[in-house]
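Here is a walk through one protein chain, taken a few residues at a time. Keep the 3D view open and find each residue as it comes up.

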Amino acid sequence: MTHEIQPEQAASKIGTEGVSDIPIAHNERVLSGLLGQTVFAACVLFTAMHLYALNVSPIETWAFRIIHVAGGLAVGFAITAAMTLDRSPGDLRIRRIEWFALIPAVAAIAYATVTILYAWFVRETQGTPPAAWVFVHMSWALAIATAIAMISSWVWRSSSRSIHWADAVLIVASIIVAAYLLFVLQRWRMAAGTPFAGQTEFIVSAVGVALIMELTRRVAGLALIAITAVFLVYAFAGPYLPGLLEHRGYSASRFFTYLYTDNGILGATTAVSSTYIILFITFAAFLQASRVGDYFVNFAFAAAGRTRGGPAKVAVFASGLMGMINGTSAGNVVATGSLTIPLMKKVGYHPRSAGGIEAAASTGGQIVPPIMGAGAFIMAEVTGIPYTEIAIAALIPAALYFLSIYLMVDLEARRGGMQGLPRDQLPVFRQMVKQVYLFLPIIILVGTLFMGYSVIRAGTLAMISAAVVSWFTPHWMGPKALLNALALGARMAIPLIAVCACAGIIVGVIALTGVGARFASMLLGIADASHLLALFFAMCISILLGMGMPTTAAYAVAASVVAPGLQQIGIPPLVAHFFVFYYAVLSAITPPVALAGYAAAAIANTDPLKTAMTSFKFGLAAFIVPFMFFYSPELLMQGSWGGILRVVITASVGIYLLAASVQGWFLNGGVNFVQRIMLLAAALSMIAGGWMTDLIGIGIGGLVFVWQAAALKAKPTISG
């Protein structure tokens, strides 16, 4: 009797165990002991509070979002430092000069804490508001402590095993901002963003904005902060700007309090992060804790590992599955690319191609329904279109995108004469099929959504099912594993919470200044000359706004600036928002600022800009597909079944012709420069939609086929 290889054994041969784990960032702390247990408990409570409020007992909307942002800030400052952490084994001592910052910062934050606690105590025990001086003192002490702590966190490095005193001050400041907003919530609803907002409200809201921007800088880098800073400057510089950009200007108190309303930070982006994102990030954490995420990768290896260029095809499938859930292109590259990129290089792919394939596939995960990296939820929130309708509309474009990458991968493997991985290095497909029940959480998610369950209920059931299916694997999720998954969910959600809140600042500026409406009128003027030109201009703005930004923030900003303009020129809301969403996602592989391409280049050990260009090449079809939404709405399931089927078939043929043109390989042989140009023309004709253009594309493709067949037939004669 032969001994069969178990999936776990096979996985160890190619190192897929733990591939879905989230790598530790350069400024992320690894806490232990009592401090680690305290932060762990805070993360568990943060996630559990959201799950309880979403499924059992709802919390008032504004209060829930204020608590959500404050909790995210507090946990974020606890687990991330302002700079790269010192991971040396010894403890870092507080320098003598550091005490000159520490003492006033701690004294100020302690005074602010006492005053806010006193205010709550007076109201709860006596039923009356505190004296006016209480909040005046509190706001100034809060601002002083936050300013000193923030600057100190940039100046002095901290250990990776303890929370720096400056970050502890920022944690308390985050809680005080929320405590004040909750205390004055009824008045805040009426006064925020109006001339009635006073100095105290201005100081507290400004501190809140500063805290959000600092955490965003830590978890998402400078790109989003730079764009946010430009919008903040614009809010005050507007009266001095010419033409389209001019506005009347606003006082600091009105402006900053307006940002902390449901038109800004507490608006659509935070609404999504406090509901759908926290829920589905926790779902992803459950998949990771139960090792279902690893099974996705192992299944892809078992199915495609032995085929021509196998690891590249695995990257296409696995990165699509993982990217759909985790919501960040660059993060997905780091998670799955650390395995797939070395294996692609091993079977013959150039390092640049290996990195480009991984970057393009990971980015594509953001457009895969039903989760779409949280983008679908923001789209549903902004447009009011039912979530299930958005998920259905995303099916064909996502399939075309991954078909394009798959064909490019296959044609490159054909051209290079590559092989797959040996059978003995791969999981046994027969064994992997026996564990196909591990796909059950995704099936339950999709099934319950289309049975009419709410997104929240469907996501919760899928999360519970991820724990249940783990009981049939070696990675059984008991109470400890469940708590670990809840804590991991909070840690994974922090970057997206910060990014969504920061994007809310930009959305608030756009709403207050009316720059979005002005842009819409400009787009309308361009459309009078040419709709195609207007769409091209909208594409460029969407990519520019999204460069260097996480997908969620990129789409939120582009949806506020570009989408209204597209709707104003007569494009339906679903088409307009999908158009904007695609280019916001694709900014991750668009040079010169292509975060996913740069992350892949670091793993592939190759030139970042050249890798970004290669990822752009592999994702080229996605840059064409959004224009098809306008000319062929059937791609978004808008129209008759016959029309949808025709467009799918012709677009698929066009995608193949495009891949053949880019890779220089058609059917069974290479093509010359002229043939590549002809194939590109045929591809664009097939993709454009319409019977006439389809016939032209088929005709040109047929000419290239005849030309190539004649050349291949002549080769043996010449050699003879």
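In which helix is the place of Thr611? Thr611 sits in helix α29, which covers residues 608–618. Remember as you look that this is a predicted model.

Is Thr611 buried or exposed? Thr611 is buried, because its relative accessible area is 0%. Look at what surrounds Thr611. Setting aside residues within four places in sequence, Thr611 is in contact with Arg352, Gly355, Gly356, Gly597, Ala600, Ala601 and Thr606. The side chain of Thr611 also has a polar atom 2.7 Å from the backbone oxygen of Asp607.

Now step back along the chain to Asn605. Asn605 lies in the loop between α28 (595–604) and α29. Asn605 is not a glycine, yet its phi is positive, about 60°. Asn605 is exposed, with a relative accessible area of 69%. Compare Met637, in the loop between α30 (620–631) and α31 (641–663). Met637 is also a residue other than glycine with a positive phi, near 65°. Met637 has 25% relative accessibility, so it counts as partly exposed.

Next, go to Ser153. Ser153 has its place in helix α5, residues 132–155. Ser153 counts as buried because its relative accessibility is 4%. Which residues does Ser153 touch, beyond those up to four places away in sequence? They are Ala82, Met83, Ala166, Asp167, Glu214 and Arg218. With Arg218, the side chain of Ser153 makes a polar contact of 3.4 Å.

The side chains of Arg218 and Glu214 meet in a salt bridge, with N to O at 2.8 Å. Why can such a pair form? Side chains of opposite charge can pair when their charged atoms come close. Glu214 and Arg218 share helix α8, residues 199–220, and are four residues apart, about one turn of the helix. Both Glu214 and Arg218 are buried.

How many salt bridges does the count come to? The count is 11 salt bridges. One of them joins the side chains of Arg491 and Glu28 at 2.9 Å, N to O. This pair links distant parts of the chain, 463 residues apart. Arg491 is in helix α22 (residues 479–513), while Glu28 is in the loop between α1 (7–14) and α2 (33–55). Arg491 counts as partly exposed, because its relative accessibility is 28%. Glu28 has 17% relative accessibility, so it counts as buried. Another salt bridge joins Glu98 and Arg95, at 3.9 Å, N to O. Glu98 is buried, with a relative accessible area of 2%. Arg95 is partly exposed, at 44%.

Turn from charge to the nonpolar residues. In soluble globular proteins, nonpolar side chains tend to be buried together. Here the largest nonpolar core has 253 residues. Leu142, Leu566 and Phe578 have the most contacts inside the core. Helix α22 gives this core its largest share, 21 residues. Take Leu142 as your example. Leaving out neighbours within four places in sequence, Leu142 is in contact with Ile109, Ala112, Ala173, Ile176, Val177, Val204 and Val207.

Which residues of helix α20 (residues 440–450) are buried? They are Pro441, Ile442, Leu445, Thr448 and Leu449. Seen down the axis of α20, these buried residues fall within an arc of 140°, so they line one face of the helix. After α20 comes Gly452, with a positive phi near 105°.

Finally, look at the cysteines. A disulfide is a covalent bond between the sulfur atoms of two cysteines. How many disulfides does the count come to? The count is zero. Cys500 shows why: its sulfur is 10 Å from the closest cysteine sulfur, in Cys502, which is too far for a bond. Cys500 is buried, with a relative accessible area of 1%. Cys540, by contrast, counts as partly exposed, at 32% relative accessibility.

Notes
Residues numbered from 1 in each chain as written. Predicted model: local features only at pLDDT ≥ 70, side-chain atom pairs only at ≥ 80, totals over all residues. Heavy atoms only, no water. Disulfide = S-S within 2.5 Å. Buried < 20%, exposed > 50% of the residue type's maximum accessible area, 1.4 Å probe, protein only. Helix = DSSP H or I, 4+ residues; strand = E, 2+ residues; numbered from the N terminus. Arc of directions from axis to C-beta. Salt bridge = Lys/Arg side-chain N within 4 Å of Asp/Glu carboxyl O. Core = buried A, V, L, I, M, F, W, Y, C linked by side-chain atoms within 4.5 Å. Contact = heavy atoms within 4.5 Å. Polar contact = N/O pair within 3.5 Å; in protein donor to acceptor, adjacent residues only side chain to side chain.
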